Amino acid sequence: MMHKIFLWLLVSIHSAACSADALQIVVLDVGEGQAILLKRENRGILIDTGHAGTARSLLDKLDQYRVTQLDHLMFTHLHPDHASGYFRIREAFPTAYIHDNGDPAALVSPIDMVRWTADALLADPNRQAIAVRERLDWMGVKIMPVWPERLEGTHLNRNSLVLLIEYASANALVMGDVDIEVERQLTNGKSLPKNIELLVAGHHGSRHSSHRPFLQAVNPEVCVISVNSGNVRGYPDASTVQRLKDNCSRLYRTDRYGDIRLTWQTGEVMIDKKQSAE
Ligand SMILES: [Zn+2]
């Protein structure tokens with residue numbers, strides 16, 4: 001696999017500064033849930049916030065990473081482990097633009113926190129739903145939803161935004177909590193690149209995600225599972241971990257390594273040798 005980016009993978013948040021054209025992607029360790037930071041200079045985009053209980057520590061992390069301006073806050077979907085940090089993050093960054101999938105099912109969800117978050121987003125003047133074939137351009141970074149083609153039913157996970165991120169000829173995929181059925185449709189479609197440098201695996205490594213044909217279709221270099229240790233649902237599933245090991249050049253987990261940090265620059269892929277993968 002040819003790699004046109006220069007990539008560092010570090011767990012330390014105190015590493016050396018990067019050059020001005022670098023994009024940092026940090027899969028943040030937020031315990032049970034997911035939050036991903038894209039950072040250039042002192043500006044950032046958050047994809048998901050983790051849950052409300054860890055929002056204070058997420059703000060501390062943004063401070064440690066020296067993010068003084070949050071330009072966009074995106075939600076793959078509104079389950080609490082991805083979106084209930086909204087309230088605290090919103091208070092800290094009142095001007096950030098909010099983007100979500102606009103799933104109407106969230107407004108009538110039997111899960112209270114989902115409903116409350118959906119209600120708050122509906123009332124947020126800086127919120128705009130984003131859909132397939134729309135694109136967010138931010139500081140040279142392109143962020144494109146490749147899923148869902150349409151919002152259907154009440155399956156919030158299946159309606160997760162799947163985000164393709166392009167920068168410096170490199171690609172990352174953030175799968176949200178989609179399952180194998182969505183992966184199958186994406187694999188059969190035309191929206192996926194043939195090689196990706198980073199895959200944030202779907203649904204915290206559930207047994208219903210990261211199936212082999214999908215992994216073979218996107219040929220990932222680095223894969224990351226965002227999961228807490230002792231997860232009550234048994235994530236990540238052992239067979240899913242094995243599939244990821246078989247199909248990713250390197251696999252990292254936030255429960256084992258904390259924040260997973262990648263720095264992308266023009267050049268080749270390089271991974272810190274001090275960091276041992278699964
Ligand atoms: Zn989740």
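Two strands pair if DSSP finds at least two bridges between them. Helices (H or I, at least four residues) and strands (E, at least two) are DSSP runs, counted off from the N terminus. With that in hand, strand 4 and strand 5 (residues 69-74) pair in the parallel sense over 5 bridges.

A word on the ground rules. What you have here is a predicted model, where local features need pLDDT of at least 70 and side-chain atom pairs count only at pLDDT 80 or more, while totals for chains, interfaces and linings use all residues. Residue numbers start from 1 along each chain as its sequence is written.

## Around strand 4

Let's stay with strand 4 (43-47). In strand 5, Leu 73 is the bridge partner of Leu 46. Strand 4 also pairs with strand 3, in the antiparallel sense and over 5 bridges. There, Ile 36 stands opposite Ile 47 of strand 4.

How covered is strand 4? Mostly: 4 of its 5 residues are buried. Buried, by the rule used here, means that 20 or more other C-beta atoms lie within 10 Å of the residue's own; 12 or fewer makes a residue exposed, anything in between is partly exposed, and the C-beta atoms are placed from the backbone.

The hairpin of strand 3 and strand 4 has 2 residues between the strands, and this is where Glu 41 takes a positive phi near 50°. Glu 41 is partly exposed, with 15 other C-beta atoms within 10 Å.

Strand 4, helix 1 and strand 5 make a right-handed β-α-β unit. Right-handed means that, with the strands pointing away from the viewer, the path from the first strand over the helix to the second runs clockwise.

Which residues of helix 1 (residues 55-64) are buried? They are Ala 55, Leu 58 and Leu 62. Looking down the axis of helix 1, you find these buried residues within an arc of 50°, so they line one face of the helix. The arc is that of the directions from the helix axis to the C-beta atoms. Over on the other side of helix 1, Arg 56, Asp 60, Asp 63 and Gln 64 are exposed.

And what do the buried residues of helix 1 pack against? Strand 4 and helix 3 (86-92). Contact here is a matter of C-beta atoms, placed from the backbone, lying within 7 Å of each other. Just after helix 1, Arg 66 takes a positive phi of about 60°.

## Strand 12 and its neighbours

Now for strand 12 (196-200). With 5 of its 5 residues buried, strand 12 is largely enclosed by the rest of the structure. Strand 11 (residues 170-174) pairs with strand 12 in the parallel sense over 3 bridges, and Ala 172 has Leu 198 as its bridge partner in strand 12. Strand 12 and strand 13 pair in the parallel sense too, over 4 bridges. Leu 198 has a bridge partner in strand 13 as well, namely Val 222.

The chain crosses from strand 12 through helix 6 to strand 13, and that β-α-β crossover is right-handed. Strand 11, helix 5 (residues 180-188) and strand 12 make a right-handed β-α-β unit as well.

The loop between strand 12 and helix 6 (212-218) holds His 203. His 203 is buried, with 27 other C-beta atoms within 10 Å.

## Helix 7

In helix 7, the buried residues are Thr 240, Val 241, Arg 243, Leu 244 and Asn 247. Seen down the axis of helix 7, they fall within an arc of 160°, so they line one face of the helix. The face turned away from that buried side carries the exposed residues Ala 238, Ser 239, Gln 242 and Asp 246. Helix 6, strand 13 and strand 14 (250-253) are among what covers the buried residues of helix 7.

Most residues other than glycine have a negative phi, and most peptide bonds are trans. Here are some exceptions in this model.

| Where | Feature | Angle |
|---|---|---|
| Glu 41 | positive phi, not a glycine | about 50° |
| His 203 | positive phi, not a glycine | near 50° |
| Trp 147 and Pro 148 | cis peptide bond | omega about 0° |
| Tyr 235 and Pro 236 | cis peptide bond | omega about -5° |

Where do the two prolines sit? Pro 148 lies in the loop between strand 9 (141-147) and strand 10 (162-167). Pro 236 lies in the loop between strand 13 (220-225) and helix 7 (238-247).

Terms used
Two residues are in contact if their C-beta atoms, placed from the backbone, lie within 7 Å.
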